[in-house]
Amino acid sequence: MAHDPPPVLRLLKKAATLKAAGYSWESVAQQLKRAPRTVRQWPDRYPDVWNRLLCEAEDRLLADVSGEAVAFLRKMQRSKNEAVSSQVNRYLHTKRLETRRRPPPDDDATSEFWKEACRKIEAMSEEEQQEALRHEILQLAPQFGLMPIPETVNATPAEPRQLERSCGADDRGGGGVS
């Protein structure tokens, strides 16, 4: 069951949406029926939430604007004015070529890193793999705000069927640990 966000969160989301669209703090305050001084303080009082909501609002706005721009350009492609149509087609073609020239997300250095890591892991015995995994968990967990419980890090794996049931793999049609 989804719960409604607290009132201040709803206000912050509306304010972020308005700011992303270019509204002044005074306009935001007026639309939210709050004092301008109050709404101006929200980014400082709630920096993490504010930054996340503003980024989300900007992403939504840019997606909307981009969609509208493409629709407008597509309409201009079919213009009876051949000069306009030709210019728009060249522009769209150039943009398409630019997106094709972008490097793939995985660069060679990253791929080589993972290939080498896989080679090292495959060369280890099962006990060495488990020990390396325990070591990594203990090293990395604090960076993510987690503190591993020593008993769970050193525990032996559960029976595969038991693990599948606890993960809900049977409901998804398979998967789980083999």
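1. Let's start with serine 85, which counts as buried because its relative accessibility is 12% (buried means under 20% relative accessible area, exposed over 50%, and partly exposed in between, with a 1.4 Å probe and protein chains only). Serine 85 sits in helix α5, residues 82–101. Leaving aside residues up to four places away in sequence, serine 85 touches Met76, Gln77 and Ser79, where contact means heavy atoms within 4.5 Å. Helices are DSSP runs of H or I with at least four residues, strands are runs of E with at least two, and both are numbered from the N terminus.

2. A word on what you are looking at. This is a predicted model, in which local features need pLDDT of at least 70 and side-chain atom pairs count only at pLDDT 80 or more, while totals for chains, interfaces and linings use all residues. Residues are numbered from 1 along each chain as its sequence is written, and side-chain values use heavy atoms, with hydrogens and water left out.

3. Next, lysine 75, a residue of helix α4. Its relative accessibility is 59%, so lysine 75 counts as exposed. Lysine 75 and valine 88 are 13 residues apart in sequence, and their C-alpha atoms are 9.7 Å apart in space.

4. Now to the inside. The largest nonpolar core has 16 residues; such a core is a set of buried Ala, Val, Leu, Ile, Met, Phe, Trp, Tyr and Cys residues joined through side-chain atoms within 4.5 Å. Ala15, Ala16, Val28, Leu32, Val39, Trp42 and Trp50 have the most contacts inside this core. Two or more residues come from each of α1 (7–20), α2 (25–32), α3 (36–45) and α4 (47–77), and α1 gives the most, with six. Do look at alanine 15: beyond residues up to four places away in sequence, it touches Val28, Leu32, Trp42 and Trp50.

5. Leu11, Leu12, Ala15, Ala16, Leu18 and Ala20 are buried in α1, and their cover includes α2, α3 and α4. After α1 comes glycine 22, with a positive phi near 95 degrees.

6. How do α1 and α2 meet? Their axes come within 10 Å and cross at roughly 140 degrees; axes are lines fitted to C-alpha atoms, for helices over the stretch in contact, and angles run from 0 to 180 degrees between N-to-C directions. That angle makes α1 oblique to α2 (under 35 degrees is roughly parallel, over 145 roughly antiparallel, 65 to 115 roughly perpendicular, and the rest oblique). Leu11, Lys14, Ala15, Leu18 and Lys19 of α1 make the contact with Trp25, Val28, Gln31 and Leu32 of α2.

7. The axes of α2 and α3 come within 8 Å and cross at roughly 110 degrees, so α2 is roughly perpendicular to α3. Here Trp25, Glu26, Val28, Ala29 and Leu32 in α2 meet Pro36, Val39, Arg40, Trp42 and Pro43 in α3.

8. Lastly, α4. Its 31 residues should span 45 Å at 1.5 Å a residue, and the end C-alpha atoms are 44 Å apart, which agrees. The buried residues of α4 are Trp50, Leu53, Leu54, Ala57 and Leu73, and what covers them includes α1, α2, α3 and α5.

Definitions and conventions:
The expected span of a helix is 1.5 Å times one less than its number of residues.
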